[in-house]
Amino acid sequence: MLFVPKEFNNKEELLQMYLDFLKNKEASKVCYVSGPISQNNGKTVEDNISILNRHAAEIDASGDSNIVIDPSAVGDLEAMEYSRDDALYVWCSLLSSGLVGIIAMVPGWEHSGGAKIEHETAKEQGLKIIYL
């Protein structure tokens, strides 16, 4: 099941929505998809979001994970006037919550500052890492 959050007012509210949703789920079956979103990899934000969406849908269709979290589904947080640090706070807090067991790294993640930080957080938390 792809999880797409409703509207939110701030980064703490967005994080709380994810945590509440995941509270009674089995962490080993929750997959977070990480990859470039901003334009720093030579693609547009729209292209990067499309790529993340496609990979998240493929992971969801495989049935290997009960829940697939696509961070791009909330849109470009920086375009919504959240800083890059705000976005990383939400996603790294989620990865550190103990409620996510797998992170799937989309090709090109190595060129994304945010995805590299998410990767490092996942390693520190002992999450299973899948390189797509």
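**Exercise 1.** In this predicted model, compare the reach of helix 4 with the span expected at 1.5 Å a residue.

*Solution.* Start with the limits: helix 4 covers residues 113–125, which makes 13 residues. Next, take the expected span, 18 Å. From first C-alpha to last, helix 4 reaches 19 Å, close to that value. Then look just past the end of the helix. Gly126 takes a positive phi there, about 75°.

**Exercise 2.** Which residues of helix 4 are buried, and what do they pack against?

*Solution.* Apply the cut-off: buried means under 20% relative accessible area. Gly114, Ala115, Glu118, His119, Thr121 and Ala122 are the buried residues of helix 4. Because they cover an arc of only 165° around the axis, they lie on the same side of helix 4. Now list what they pack against. The partners are strand 2 (30–34), helix 3 (84–95), strand 4 (102–105) and strand 5 (128–131).

**Exercise 3.** Are the residues on the two faces of strand 4 buried or exposed?

*Solution.* In a regular strand, side chains alternate between the two faces of the sheet. Sort the residues by side. Ile102 and Ala104 are on one side, Ile103 and Met105 on the other. All four are buried, and both faces are covered.

Definitions and conventions
Residues are numbered from 1 along each chain as its sequence is written. This is a predicted model: local features need pLDDT of at least 70, side-chain atom pairs count only at pLDDT 80 or more; totals for chains, interfaces and linings use all residues. Side-chain values use heavy atoms; hydrogens and water are left out. The expected span of a helix is 1.5 Å times one less than its number of residues. Buried means under 20% relative accessible area, exposed over 50%, partly exposed in between (1.4 Å probe, protein chains only). The arc is that of the directions from the helix axis to the C-beta atoms. Contact means heavy atoms within 4.5 Å.
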